[in-house]
Amino acid sequence: MRLYDTMARESRELRPLDGSAFRFYCCGPTVYGPAHIGNFRTFVLQDVFRRTLETGGTRTFHVRNITDVDDKTIRDCQAAGQSLRDFTAFWTAKFHADCEALALLPPHVEPGAVEHIPQQIDMIAALIEKDHAYASDDGSVYFNIASFPAYGKLSRLDQRELELGKTQNARANSDEYEKDSLSDFVLWKARKPEDGDNFWPSPWGDGRPGWHLECSAMIREYLGADFDLHSGGIDLVFPHHENEIAQSRCACGGHFAAHWFHITHLLVDGGKMSKSLGNLYTLEDLAAKGFSAMEVRYVLIGGHYRKPLNFTLDSLHAAQEAMAKLAKGARALAAKAPAEARFDAVGFGPFQAAWDALNDDLNTPGCLGGLFTGLREAAKLDGEDAAKALAAFNRVLRALGLSLPEDEPEAEIPADILALAEERWAARAAKDWTKADTMRGQLAEKGWAVKDGKEGYELTPV
RNA sequence: GGCGGAGUAGCCAAGUGGUAAGGCAUCGGUUUGCAAAACCGCUAUUCGUGGGUUCGAUUCCCACCUCCGCCUCCA
């Protein structure tokens, strides 16, 4: 497949470096509260990316970290009166439950920062040894960005250098840390009173690792100096990913990620999500409004990952209807296909365009469109052709990670409701429309909708 | 202020140097005693605004307007 590369600023064909599995890393969540749908836009798109590779026959090796120690986790666990470990374990479990509801494939490895303190210390030691980092008097360690000329390439810092220089001078005095320059970032944070008992020993004194270092250490541990792709939200480009590149290349000597995949932010009602605006939705919030995680997934893949996507409650309704339509089309196709027919999907038939869209810079909205038009074409097919088309349809659906709603199960109808319905049907048969309509109203009040057919009626709970 | 991105029908949203996918909604039709549901169909002479290049631009170039992101923690 082809995918846009943030570093090269063009889309490129993806080829695994080692020729077998495609090895990639995704920056995971900081577990200090429930993830919101904006976070999940990133994770869902990464999931579609992985599924597309796998559907296309490429094996993958997927690493995604859990940030379980930083300023926010420490601050909030103390506020909650819990140990850091218990606090982050709780939110990690919540995150996993949400991921499962959204049908995200679990990463092959999901390392946590706390479990990898030694690896992070090793990395700092390597950086100090190579003169890329220095310890300050207070026991913190900083990376010296002046020692890495390639710094800023990903975020085009080279074009901002002049401006950044001004900023440095302006802020030099207000900086509470001792640093050679403002842009030097922290690798090891010296222990502070407000950290409580959340600190670890190191050659530079008690403290804890800096956030940027965590990902570099995980990558070094599980993917090595060179790997295929690194992904995250667009906001991580600077400084997080820029810093990762600096740390890893200086410590490991490799080229680090061969490809950079960044997902643009989700907008809500045309603007940024924020707690104060009350538009920061979690899956739980939306479930309370009657929307399933799968519907949320549909909305999140309804826009291209490099464009802002405007999330609205209305789009959730649209997703509900659209998925029902897809399900209906699939059922119609299944009804025409021989039950015993099995095919090794060779091509994609009517769904070729849908599949191609996915492989062309992960064009998920284009793919969804192709699904509908493909279904229209497939409706003309019969027998084995219908079976082949259905197999292709399901294959694309799996790549998107969508599962369609099943037929509504038959609901238990209470005896009194059934009696009312029978009475109404009799009135209707006697052409007593007034009574029939009145009784339809009564049934509606009791929460049941009645649909008349030629031979009988159908009752469904509202 | 610097850097980056976006503006396509009521809403969401693809796409392309050659005349606008798809979904939702609306509307119309079939059906129905009337509804509902279902099915079928219609709906952008036009792609933020103004110029330019071109036989031809929504697509390329310039200017402007609006919105968003990053520059501090952030998916």
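Author: What follows begins with the RNA surface and then turns to a sheet and a few single residues.

Please keep in mind throughout that this is a predicted model. RNA strand B is surrounded by 49 residues, and the closest of them are Gly38, Trp211, Gly233, Lys272 and His304. Of the atoms of RNA strand B that come within 4 Å of the protein, 69% belong to sugar and phosphate. Among the elements of the chain, helix H12, which covers residues 364–378, gives the most to the surface near RNA strand B, and its share is six residues.

His304, already named among the closest residues, has a backbone N or O atom that lies 2.5 Å from a phosphate oxygen of RNA strand B. Asp452 faces a base instead, for a polar backbone atom of Asp452 is 3.3 Å from a base nitrogen of RNA strand B.

The loop between H12 and helix H13 (383–400) holds Lys380. Is Lys380 buried or exposed? Its relative accessibility is 68%, and because of this value Lys380 counts as exposed. A distance across the model can be taken from this residue as well: the C-alpha atoms of Lys380 and Phe24 are separated by 41 Å, and the two residues are 356 residues apart along the chain.

Next comes the sheet. Four strands form an open sheet in the order E5-E6-E7-E8, and their pairing is antiparallel. Strand E5 (133–135) and strand E8 (207–209) stand at its edges, and because each has a single partner strand, one side of each is left without a neighbour in the sheet. From one strand to the next, the twist averages 20°. Strand E7, made of residues 185–190, runs antiparallel to E8 and is joined to E8 by three bridges; within this pair, Lys189 has Arg208 in E8 as its bridge partner. Helix H4 (residues 117–129) packs on the sheet, where it touches E5, strand E6 (141–143), E7 and E8, and the direction of H4 makes about 125° with that of E7.

Finally, some features of the backbone deserve a careful look. Phe238 and Pro239 are joined by a cis peptide bond, with omega about 0°, and Pro239 has its place in helix H7, residues 237–252. Arg9 is not a glycine, and yet it has a positive phi of about 60°. You will find Arg9 in the loop between strand E1 (2–5) and strand E2 (10–13), and because its relative accessibility is 27%, Arg9 counts as partly exposed. Lys431 also has a positive phi of about 60° without being a glycine, and its place is in the loop between helix H14 (415–429) and helix H15 (433–445). With a relative accessible area of 61%, Lys431 is exposed.

Definitions and conventions
Residues numbered from 1 in each chain as written. Chains lettered and ligands numbered in written order. Predicted model: local features only at pLDDT ≥ 70, side-chain atom pairs only at ≥ 80, totals over all residues. Heavy atoms only, no water. Near = heavy atom within 4 Å. Polar contact = N/O pair within 3.5 Å; in protein donor to acceptor, adjacent residues only side chain to side chain. Helix = DSSP H or I, 4+ residues; strand = E, 2+ residues; numbered from the N terminus. Buried < 20%, exposed > 50% of the residue type's maximum accessible area, 1.4 Å probe, protein only. Pairing = 2+ DSSP bridges. Axes fitted to C-alpha atoms, helices over the stretch in contact; angles between N-to-C directions. Contact = heavy atoms within 4.5 Å.
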